[in-house]
Structure formats: C-alpha cells, structure tokens
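Here are my notes on this one, as numbered points you can check against the structure as you read.

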Amino acid sequence: MTFGFAPSSAASLSTSTSAASASRLLEPAEWAAAGIPLLRNPREVVSGLHSRHRPKSATAIVAVLDPDERVRASASFTRRPVPADGWMFRNALLAQLRKVIPHDLRRRTPVRTAVLLYCREGDARWTEEDGAWMWGLRDACTLHGLRCGAYITLTHDGWQVLGEGRGGRRPNTDSAPEPFGLSEAPPLLPRTGGAASEVLLRAAAR
C-alpha cells in the first residue's frame, strides 16, 4: 500500500489555468510564419500614434489603417499589473475596436489592417508578454473582420517591429511627440454602444 497526497482542486485549477495562459501566446517564429503584412513606412505610423496618444509605460495603442496606411481610428488603454494572458488581451483589444470603428465581417476579404503599439519597460527582445499581445491582436482582428498587422514595442531605447527586425531610436518612451504627418486622416470619433466588460484592463479610448 502506498500513501501520498492528492493535489487539491485549487492547485489543479491553478496549474490548468497557467497551462492555458501559456498556450495563448505566439512565439516570434510563429508570428513571422503567419504572413503579417509589412508596413511600408513603420516610423511614420509609430510617430503618428505616439503623437496622438503620448503613451507611458504599460500603455497599449490599437490602430486601424486603411489600404493607403493612413490611421482611420485608434484607441489607447493601460494594462494592469497582472499575469499576461492572450485571451484577456484579445477581449480588451476587441472592446476598443468596437468602440472606435465598425466591423468588416461582411467582407470576404479584409481591407483594413489593425496594428498594435505597446509601450513597456525593458529592451526590444521578445517576451512572453509580447507573445500574449500577438495572440490577442491576431484573434481580435479575426473577430472584427480586420487583417492582423504589425506588433510594435516602444521602450526607452526606441521602437521595434517584432518579427521584422525593423526599428529606430525615435520616438521612444522619453521623446517629445512629433507633429502629425500630413498624410494622416483625422481620427474617427469613438462610437458609443453597450458597456464592455473590462476584467483585466482599465481601458479608455482617446
């Protein structure tokens, strides 16, 4: 006869939750293989979003670009200091997209692209938090009828398009906002509608 201790239900739930969260992220190789469209002028997009939202650390900016790569709508929100989970990130991004732009689910092929700029501490190297944001962005785009576009980090060292190897020193988290590019379209006013549940993130569209 052997004696032992059966794991508690709470411990089992914690383990399964951690495993699920770990599966809701994308590795750099998976992201690169997903065929994410390249930005023609990433610095212009980054500078425009930086000027619009003036992000601080832990701020995420989701933007929708038209086929000419002009920003048609954007929203920013602050991530709470809790473990990264792609599913929760997906819900927060989807809630913001629903506020600022109509969905394109009736189209056979998406014509607009969503990109995500995340301002964080650390350097430009990929982290599991980045992987969770990538998973969330891809899933939110699918549910809103958009093409999944670039995921960009903004740190003290500058900006970096993950999976592409393109980046620059300015703007960064410490630099002053630059003037809006003349090619940018004015942002759409946020749409009002039903209240979305914000369990993980405190979100505020600008």
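1. Keep in mind that this is a predicted model.

2. W133 has a ring partner in F89. The two ring centres sit 3.8 Å apart and the planes are at 15 degrees, so this pair is stacked. What does the pair link? It joins distant parts of the chain, with F89 in helix α4 (residues 86-100) and W133 in helix α5, 44 residues apart. F89 is buried, and W133 is too.

3. Now look at the aromatics across the model. Searching the whole structure turns up three aromatic pairs. One of them is F77 with W133: here the centres are 6.1 Å apart and the planes stand at 50 degrees, so the pair is tilted. F77 belongs to strand β2 (residues 71-79) and W133 to helix α5, so this pair ties together parts 56 residues apart in sequence. With a relative accessibility of 2%, F77 counts as buried because the limit is under 20%. Taken as a group, F77, F89, Y118 and W133 make one aromatic cluster.

4. Helix α5 covers residues 128-144, which is 17 residues, and spans 24 Å from first C-alpha to last, close to the 24 Å expected at 1.5 Å a residue. Is α5 mostly covered or mostly open? Mostly covered, with twelve of its 17 residues buried. The buried ones include G131, A132, W133, M134, W135 and G136, along with L137, A140 and H144. Just past the end of α5, G145 has a positive phi of about 75 degrees.

5. On to the nonpolar packing. The largest nonpolar core holds 31 residues, and W31, L93, L116, W133, L137 and Y151 are the ones with the most contacts inside it. Which elements give two or more residues to this core? They are β1 (59-65), β2, α4, β3 (113-119), α5 and β4 (147-155). The largest share, seven residues, is supplied by α5. There is also a second, separate core of 16 residues, with V45, V46, L117 and W159 among its members.

6. You'll find R24 in the loop between α1 (9-23) and α2. Its side chain makes a polar contact with the side chain of D85, at 2.7 Å. Leaving out residues up to four places away in sequence, R24 touches D85, G86, W87, G131, A132 and W135. Of those, G131, A132 and W135 are among the buried residues of α5.

7. Last stop, L39. This residue sits in the loop between α2 (28-33) and α3 (42-53). Is L39 buried or exposed? Its relative accessibility is 7%, so L39 counts as buried. Which residues does L39 touch, not counting residues up to four places away in sequence? They are V45, L65, E69, V115, A150, I152, E164 and R166. For V115, the C-alpha atom is 9.5 Å from that of L39, although the two are 76 residues apart along the chain. One of the L39 contacts, V45, is also a member of the second core.

Technical notes
Residues are numbered from 1 along each chain as its sequence is written. This is a predicted model: local features need pLDDT of at least 70, side-chain atom pairs count only at pLDDT 80 or more; totals for chains, interfaces and linings use all residues. Side-chain values use heavy atoms; hydrogens and water are left out. Helices (H or I, at least four residues) and strands (E, at least two) are DSSP runs, numbered from the N terminus. The expected span of a helix is 1.5 Å times one less than its number of residues. Buried means under 20% relative accessible area, exposed over 50%, partly exposed in between (1.4 Å probe, protein chains only). Contact means heavy atoms within 4.5 Å. Rings of Phe, Tyr and Trp (its six-membered ring) pair if their centres lie within 6.5 Å; planes under 30 degrees apart count as stacked, over 60 as edge-to-face and the rest as tilted. A polar contact is a pair of N or O atoms within 3.5 Å; within protein, one must be able to donate a hydrogen and the other to accept it, and residues adjacent in sequence count only if both atoms are side-chain atoms. A nonpolar core is a set of buried Ala, Val, Leu, Ile, Met, Phe, Trp, Tyr and Cys residues joined through side-chain atoms within 4.5 Å.
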